[in-house]
Structures are given as structure tokens and as C-alpha cells.
Amino acid sequence: MSAQSMRVAVAAAAVVASVSLQAQTPDVAAYRDAVNTYVKTGQPAKAVESLIRWDRARLDAVVKEIIASGDAALLESAAMLHLDIGIAIAGISTPASAAYFDLGEQLIAALVPANPDVRRQLSAERSAEIARIRSTWLGVAGSAFLSVHDTPRARTTVRKAREVAPKSPALMTILGSIDETESGPFNPDEVESLAAKSRVDRERTRLLLSAQRWYKDALEIEPDQPLATIRLGRTQFLLGDVQQASQLLERGRVIAKEPAHRYLAGMFLGALQQHQKDLPGARASYTAALAAAPLSQNAIVALAYVELLSGRPDQAQSLARGHLGSLDPDHAWWAFTGLIDLDGLFWLRQRVRK
Amino acid sequence: MRRLVAGIAAVLASVTLSAQQPVFRAAVDVVRVDVSVMNGLHPVTGLAADNFVLTDNGVPQALSSVSLDTVPLNLMMVLDTSGSLAGERLTHLITAANGLVKSLKPEDTVSLFTFSTPVRLVVKTTGDRAPILKALDELVADGSTSINDAIFLALQHRPPDAGDSRPVLLLFSDGRDTSSWLASKHVIEATRRSGLVIHVIELVQDQWMAGFLGGMQGRPSRFLDDLARAGGGRRWFAKSPGDLRELFGKALNELRARYLLTYSPAGVTREGWHDVKVTLKSARGDVTARPGYFASAP
């Protein structure tokens with residue numbers, strides 16, 4: 001995302017919470033134009049420029065009219081515009097992001113005709129396609145919340161997706177990632193008493209075991225899914241099974257194609273190698289992760305720390321200074337956590353963008 | 001015969017060891033130790049070099065200088081701006097930080113880091129107060145909490161050569177880490193190696209695991225306690241956001257009332273960790289200082 005696009009998206013974030021009186025234009029026509037701009041250019045920030053001063057009530061009214069039109073192509077395109085804006089602003093204002101997702105969810109749900117007679121006439125193929133679009137859309141939205149660590153919203157959204165597609169390996173993987181993320185703050189070293197340590201450790205283990213189950217379920221349906229393989233490896237490491245973790249992460253690194261997956265494989269493998277005191281190996285893995293996600297704070301911090309341990313404090317300082325010194329204030333850091341369901345997002349985008 | 005050979009071998013081994021492990025060369029390497037001496041809540045002033053006894057890896061060292069509040073501060077402020085700070089808490093934080101910045105001496109410098117999920121260097125080291133005050137007024141609270149990564153990244157921004165200033169890191173947070181890559185133990189290790197003094201102000205209104213652990217509400221962070229110890233600094237608790245202004249003021253007073261001891265290490269092997277212990281002679285007070293420093297190969 002460019003800095004300019006981000007600044008426009010930030011302005012869009014303010015729209016939802018504000019109430020402003022503006023000269024009226026044919027709102028539905030303006031909204032349709034915005035959706036068309038998004039479809040033609042693939043740039044949500046550019047598309048939303050014309051809607052920047054709209055408040056929530058105005059958007060609600062237009063979305064209701066769009067839903068009433070029953071125009072499936074328009075519904076899907078509009079929902080994608082909302083999804084992309086929600087992702088663009090997720091790390092700036094989660095509530096504003098949630099508002100865009102909420103409207104998009106209404107649009108995507110409307111792909112299922114309200115009229116039961118019309119619904120009955122849908123072909124099995126079209127019904128399945130609608131189900132896939134809806135569940136993927138909700139899954140991507142849920143993963144966007146996860147990328148900014150809003151696990152409650154992530155979980156709620158992904159559960160809705162699973163009502164539509166209960167056997168989706170992508171959704172199972174996201175749910176596993178939610179459990180894994182929620183286990184993070186449960187650190188027994190942070191509490192004093194033995195009783196508290198035990199409870200904290202049990203909760204951490206419970207969440208990690210739940211994550212493990214989700215990943216294994218996903219891999220039973222789709223054995224070569226890189227993300228579930230990599231995340232299962234990570235979970236095994238966190239649970240103490242270093243050997244299994246190593247095998248899974250090595251496999252994940254080999255089958256990973258997307259940069260986000262290569263990034264995760266590098267990070268998690270690096271952590272394992274660091275644990276085994278293989279600092280050269282960890283450095284190579286973190287370097288690969290950084291190459292896949294050059295703006296990732298985690299990758300910078302991980303590599304810099306290994307440089308420190310390796311007796312190269314100058315390198316550590318250089319990495320840290322280079323990172324913080326070059327950051328664009330509009331930097332979309334949440335796009336580099338490896339948690340957004342990019343496969344789902346790309347699939348949805350290619351359906352609507354010409 | 002066997003005993004003689006073994007004895008010669010031991011001597012040869014120790015000579016070789018000495019040759020392989022370079023020691024500090026006198027008057028080339030200087031170590032600065034930032035020390036607080038308190039009598040209860042009050043700093044002890046008027047101490048001179050002969051009031052301090054300093055050992056480096058157990059070897060007594062001769063202090064070349066002792067100064068109090070004459071060396072300018074190079075203050076690195078690292079402030080938590082996660083979502084839990086939104087509202088009244090942020091307002092009080094801004095007021096407190098503003099007060100501290102305005103109380104700095106003209107020769108002091110300051111930089112500002114903030115962290116929620118990402119860590120940001122908002123204002124680089126400067127003697128100009130205006131950009132810092134402006135940045136403070138524009139702070140927004142949103143997101144999760146990457147304390148560990150923030151401290152680590154800030155440590156890497158310490159000046160390579162302190163020169164005529166005293167670099168100090170002042171951390172403020174109201175919660176536990178929820179989104180860092182580094183674990184707490186990594187940050188403690190990085191702190192040990194940094195040589196930087198770290199002070200901590202913690203707003204202990206933490207609802208961390210309130211439902212999960214019942215009576216664990218409002219407990220100070222053990223990690224932040226370990227951090228202050230490793231950094232040779234002090235830690236203050238605020239029980240309400242309204243306490244922050246006073247505590248930031250206390251922190252600054254403490255920084256001013258610290259002694260800077262310098263010495264050129266002698267009689268110790270250079271590379272590796274050095275345990276430093278500072279005690280008082282002919283004076284009374286509680287001494288707080290970094291537990292040591294890490295020296296890398298020349």
C-alpha cells in the first residue's frame with residue numbers, strides 16, 4: 001500500500017464515526033461509481049475518495065438500496081471494496097475497520113436471494129459458488145482482525161464463515177492461528193506463585209493444543225496446505241516437540257510459494273534454530289524471512305537479536321536503526337504479520353477485478 | 001617425574017591462556033557506571049570518589065572520576081500507546097511526559113519512541129523541545145502491546161559513543177506484552193549487553209487475566225521489575241493515571257541525583273560479562289547500579 005493510498009484510507013476511517021452535512025448527490029449513483037472505480041483500478045483508496053465525507057447513516061442507506069437491487073455482480077464488487085478498505089485501515093482504527101466489514105458482510109450475505117422462490121431456483125453449482133464466496137469473504141475479514149490481534153472479532157467473524165463452510169481447511173487454519181495468538185500472553189514467567197504459574201501454563205497449553213487440532217484437521221482435508229503445515233510446526237515447537245516441529249517447518253519451507261508463507265517458515269524455523277543454539281542457521285532463516293517481508297518488524301527484531309548473540313552488536317544496531325529510521329508513518333505493519341488470508345483475498349479479488 | 005611434567009604443562013597452559021585472553025590496556029578503555037544512592041526516598045548527595053568501592057569481576061578498581069548532575073542527560077522516552085491507554089490514561093500520560101520534557105535542562109537531549117503493536121521512533125534525539133512536545137500532543141492510543149520489541153529496538157538506538165552525555169531509557173507502560181516477537185528473557189539479555197540505564201514507570205491498573213486468575217488484578221509486572229534491575233535503574237508504580245505526573249517528576253529528580261563513576265578496568269580479562277559491584281565507604285545509603293556490563297572482543 002502506498003503512503004498516499006494509506007492517507008486517503010485513514011481519512012475514510014474517520015467517515016464512519018463522523019456526522020457531517022454535505023450537499024446531496026444521487027447517492028446510489030455515486031456509490032456505484034465508486035465500486036466501478038474499484039473494479040477498474042483495483043485501488044480501494046482511489047475508489048473511496050468520492051465517499052470520503054459520508055457518514056455511517058448515509059452509507060447504511062445506500063447499502064440497503066444496493067442490496068434491494070439484487071444485482072449479484074454489484075453486491076460482490078461492493079463487498080470487495082468494503083473488504084479491501086477494512087483491511088487497509090485495520091491497523092489504524094479497528095472499530096472503523098469493523099464498520100466497513102459489517103457493511104460488506106451485509107452485501108455478501110445478500111448474494112443469497114431473500115425471496116425463497118428465487119432461492120429455490122438457484123442451481124447447485126451457483127449455491128456452492130455463493131457459499132464459497134461468503135465463507136471466503138468472512139474468513140479474510142476474520143484474518144484481518146487477527147492480523148491486528150483483535151482475536152475476539154476474529155473469532156466471531158470466522159465462526160460465521162464456518163456456519164457456511166464448516167469443512168474449509170482455510171478457516172480451520174485461521175481458527176488455529178487465533179488460538180495460537182491468544183496463547184501468547186500466557187507466560188508462566190510473568191506470575192509469582194506456583195499455583196498461578198500452573199494455571200497460566202495450563203491455559204497456554206490448552207490453547208496450543210486446540211490450535212494443533214485445528215491445523216491437523218485442516219491438513220487431513222488438504223495435506224499440502226503450506227500455512228497449516230508451517231503453523232502446526234510452530235505449535236509443536238511451542239509445545240516442546242522440537243523434532244516434529246523441525247520436520248514440519250522444513251517441509252513448510254519447501255512447499256511455501258507465497259511470500260507471506262516463506263516469511264512465516266523462515267521466522268519459525270529461525271526460532272527453532274536459535275533455541276538449538278544454531279545461530280548461523282537462525283541468521284540464515286531470519287534473513288530469508290526478511291527477504292520475503294522486508295518491512296516486518298518481527299523479522300528485523302529477530303535478526304538483530306541473533307546478531308547481538310553472535311557478537312555482532314554493530315550489525316544489530318544497524319538493522320534496528322535502518323528499520324525505525326526508514327518507516328513511513330503510514331506503514332501498514334499489519335500486512336506483514338503473515339496472518340491475513342492472502343489466498344482467500346486474491347481469489348476474491350480476481351473474481352471482481354477486470 | 002610425572003608430577004614435574006604435569007606442573008610444567010599447567011604453567012605453559014596458563015601462559016598460553018593469558019596470551020589468548022587480552023586484558024584491558026590501562027587508560028584506553030573507560031567504563032562509566034551510573035549509580036543511584038538513596039536514603040529512603042531521598043538521594044544522598046555530597047559523596048566523593050573515596051566514598052565508593054567498586055569491583056569489576058571481584059577486582060577492586062580505582063575510580064578516575066565521580067560526578068553528580070553535571071553531565072547532560074540523553075533521555076530516550078519509550079511510551080506505551082496501546083489501546084488500553086485510550087482516553088483519560090493517555091491524557092494523563094501526555095501531561096506527565098510534557099512536564100518532564102519541559103523540566104529538562106537546556107543541555108539535555110531527548111528522543112521519543114512509542115509502541116503499540118508497531119514500534120515507532122517518533123522524534124530522533126534532539127535538544128529542541130518543540131518537536132517532542134508536538135509529538136506528545138498528537139499521540140493516539142490503539143492496538144496491542146509490544147513492550148519487549150520496543151525496549152530491544154530502543155536499546156539498539158543508544159548512542160554508540162555517549163561522549164559527554166548520560167544515556168538513559170525511561171519506559172512507561174500499563175500492561176503486559178501481547179504482541180512482541182522477542183521473549184522477556186531476550187530483552188533482559190539485550191539490556192545486560194547494552195550498558196544503558198533503564199528506569200520504569202508502570203501504571204498498575206492492569207486487568208490482565210482478571211477473570212482467569214481472580215486476585216491477580218493490579219499486580220506489577222515481574223518482567224518490568226527484572227528489567228529495572230538489569231538496567232540498574234528504578235521502578236515506580238502509579239496506581240491511577242493521575243499519579244503519572246508526580247512519578248515522571250520523581251524519575252527526573254532521580255536521574256539528576258545519580259553519580260557517574262568512571263574507571264579504566266585493570267587486572268581483568270576483557271571479553272565477556274563483567275560483574276560490577278558498588279558499595280559505600282564512610283557513608284550510608286542504598287546503592288542501585290547496573291549489575292555489570294558486557295565487553296566484546298577488541
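**Cores, contacts and pairs**

Student: Which residues does A:Trp137 touch, not counting those up to four places away in sequence?

Tutor: A:Trp137 touches A:Ala79, A:Met80, A:Leu83, A:Phe101, A:Gly104, A:Glu105, A:Ile108 and A:Leu348, where contact means heavy atoms within 4.5 Å. Keep in mind that this is a predicted model, in which local features need pLDDT of at least 70 and side-chain atom pairs count only at pLDDT 80 or more, while totals for chains, interfaces and linings use all residues. Residues are numbered from 1 along each chain as its sequence is written, chains are lettered from A and ligands numbered from 1 in the order in which they are written, and side-chain values use heavy atoms, with hydrogens and water left out.

Student: Which residues have the most contacts inside the largest nonpolar core?

Tutor: The largest nonpolar core has 70 residues, and those with the most contacts inside it are A:Tyr31, A:Leu83 and A:Trp137. Its largest share, ten residues, comes from helix H5 (residues 72-89) of chain A. Apart from this core lies another, of 62 residues, among them A:Ala265, A:Leu272, A:Leu303 and A:Ala316. Such a core is a set of buried Ala, Val, Leu, Ile, Met, Phe, Trp, Tyr and Cys residues joined through side-chain atoms within 4.5 Å. In soluble globular proteins, nonpolar side chains tend to be buried together.

Student: Why is A:Leu59 called buried?

Tutor: Buried means under 20% relative accessible area, exposed means over 50%, and partly exposed lies in between (1.4 Å probe, protein chains only). A:Leu59 has a relative accessible area of 3%, so the word buried applies to A:Leu59. Its place is in helix H4 (residues 56-69) of chain A; here helices (H or I, at least four residues) and strands (E, at least two) are DSSP runs, numbered from the N terminus. Leaving aside neighbours within four places in sequence, A:Leu59 is in contact with A:Tyr31, A:Trp54, A:Tyr100 and A:Leu103.

Student: What makes A:Asp27 and A:Arg58 a salt bridge?

Tutor: A salt bridge is a side-chain nitrogen of Lys or Arg within 4 Å of a carboxyl oxygen of Asp or Glu. The side chains of A:Asp27 and A:Arg58 meet at 3.0 Å, N to O, and are therefore counted as one. A:Asp27 lies in helix H2 (residues 27-41) and A:Arg58 in helix H4 of chain A, so the pair ties together parts that are 31 residues apart in sequence. A:Asp27 is buried at 15% relative accessible area, and A:Arg58 is buried at 13%.

Student: How do you know that A:Asp117 and A:Arg120 are about one helical turn apart, and are these two residues buried or exposed?

Tutor: They stand three residues apart in helix H7 (residues 116-120) of chain A, which means a separation of about one helical turn. A:Asp117, at 45% relative accessibility, counts as partly exposed, whereas A:Arg120, at 61%, counts as exposed.

Student: What joins the side chains of B:Glu254 and B:Ser36?

Tutor: A polar contact of 2.8 Å joins them. The term asks for a pair of N or O atoms within 3.5 Å; within protein, one must be able to donate a hydrogen and the other to accept it, and residues adjacent in sequence count only if both atoms are side-chain atoms. B:Glu254 is found in helix H8 (residues 244-256) of chain B and, at 4% relative accessibility, counts as buried. B:Glu254 also belongs to a network of salt bridges that links B:Asp34, B:Arg166, B:Arg234, B:Glu254 and B:Arg258.

Student: How much area do chain B and chain A bury between them?

Tutor: They bury about 3400 Å², 60% of it on carbon and sulfur atoms, buried area being the accessible area (1.4 Å probe) that two parts lose on being put together, summed over both. The contact takes 37 residues from chain B and 40 residues from chain A.
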